[in-house]
Amino acid sequence: MTLYYEDDPADQTTVPQLPPLLRAVEVPAGQDVLAKAVAVAATTEVGTVFYAERADRMQIAVRLEPDVPVRQAGQMLFAMMIGLGDSIGALAPPEIAVTYQLPGYLMLNRGRAGLVRLVIDPAAGADDVPDWMIVSADVRLTAEEQDQAEWSQTPGAEQTSMAEEGGGFISRTRLVESSCRHFLAWVNRWQDDGFRPLYDSWMQRLEASAPIDFAGGEQAEWLGLDEHGGALVKLDGKASSVMPHELEAVCGTPVLP
């Protein structure tokens, strides 16, 4: 049973209806939504939500303009992961367990089905307030049998999709709308109460059993998350903290096939 139901479900031609602070811009199928958002970030309005035209993936990239330094602005990675998780939790059947894994994976029943990424104005240092930042989300709604066959032959984390886990009735448009609303709610919570509520919510859905892969091929032991959003890890017996904006430099660019 799910709380979500529509007599006339939305399809890929339906324009997402977003909260007043956000504005939807469609990106044609075949174009990289995150790359498009980054390319025009310097001239794009705050609150612009780029979304993919394709129906097999829910892909969005939201343009933000932080008023805090990069090391704190990076906490939006967690706001988007939580918002995405809450959105799926509200729309999908209750038997779909949503968990998180750094550097930004969203897991459905312990299979990778989504990815959240962060791109911050490269001209800004860790203690500078950036002119812009983009936070993106990518969720695999459906997958072809050929793709599933390739996943089964590929070592590493298990891959899955919304449809494979029982959420195939959820349209791209409705997931865009719901994810944006939940993300905005968590941004407002963060502005009012700081990072602590995000920390508590994210840690409740942490996929702690999996190590964190580093770009050099090493696997770091997961220790926890500090009060600023830094990932506490142990590598070669040494503990360290990796801030959200540093994750891709340390772990390499995460990919959702």
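1. L232 has S241 in β11 as its bridge partner. The model is a predicted one, in which local features need pLDDT of at least 70 and side-chain atom pairs count only at pLDDT 80 or more, while totals for chains, interfaces and linings use all residues. Residues are numbered from 1 along each chain as its sequence is written, and side-chain values use heavy atoms, with hydrogens and water left out. β10 pairs with strand β11 (residues 238-242) in the antiparallel sense, over five bridges; two strands pair if DSSP finds at least two bridges between them. Strands (E, at least two residues) and helices (H or I, at least four) are DSSP runs, numbered from the N terminus. Two residues lie between β10 and β11 in this hairpin, and D236 in the turn has a positive phi of about 55 degrees.

2. V233. This residue belongs to strand β10 (residues 231-235). V233 has a relative accessible area of 2% and is therefore buried (under 20% is buried, over 50% exposed, in between partly exposed, with a 1.4 Å probe and protein chains only). The C-alpha atom of V233 is separated by 37 Å from that of A55, 178 residues away along the chain.

3. The seven-stranded sheet. This open sheet runs in the order β1-β2-β3-β7-β6-β5-β4, and its pairing is mixed. Its edge strands, β1 (23-27) and β4 (98-101), each pair on one side only. On average, neighbouring strands of the sheet are turned by 20 degrees against each other, direction ignored. β4 is joined to strand β5 (residues 105-108) by four bridges in the antiparallel sense, with Y100 opposite L106 in β5.

4. Aromatic pairs. There are five aromatic pairs in the structure. Rings of Phe, Tyr and Trp (its six-membered ring) pair if their centres lie within 6.5 Å; planes under 30 degrees apart are stacked, over 60 edge-to-face, and the rest tilted. Y100 and W202 make a stacked pair, 6.0 Å centre to centre with 15 degrees between the planes. Y100 sits in strand β4 and W202 in helix α6 (residues 196-204), so the pair links distant parts of the chain, 102 residues apart. W202 also pairs with W222: the centres are 6.1 Å apart and the planes at 55 degrees, so this pair is tilted. Because W222 lies in strand β9 (residues 219-225) and W202 in helix α6, the pair ties together parts 20 residues apart in sequence. Y100 and W202 are both buried, and W222 is buried too. One aromatic cluster is formed by F78, Y100, F195, Y199, W202 and W222.

5. Surroundings of α6. Which residues of α6 are buried? They are P197, L198, Y199, S201 and W202. The buried residues of this helix pack against α3 (76-91), β4, α5 (172-193) and β9.

6. A charge over a ring. R112 lies over the face of Y105, at 3.7 Å from the ring centre. The criterion is NZ of Lys or CZ of Arg within 6 Å of the ring centre and within 35 degrees of the ring normal.

7. Cysteines. The structure holds zero disulfides, a disulfide being a pair of cysteine sulfur atoms within 2.5 Å. C180 is buried at a relative accessible area of 2%, and C251, at 13%, also counts as buried.

Technical notes: Axes are lines fitted to C-alpha atoms, for helices over the stretch in contact, and angles run from 0 to 180 degrees between N-to-C directions. Contact means heavy atoms within 4.5 Å.
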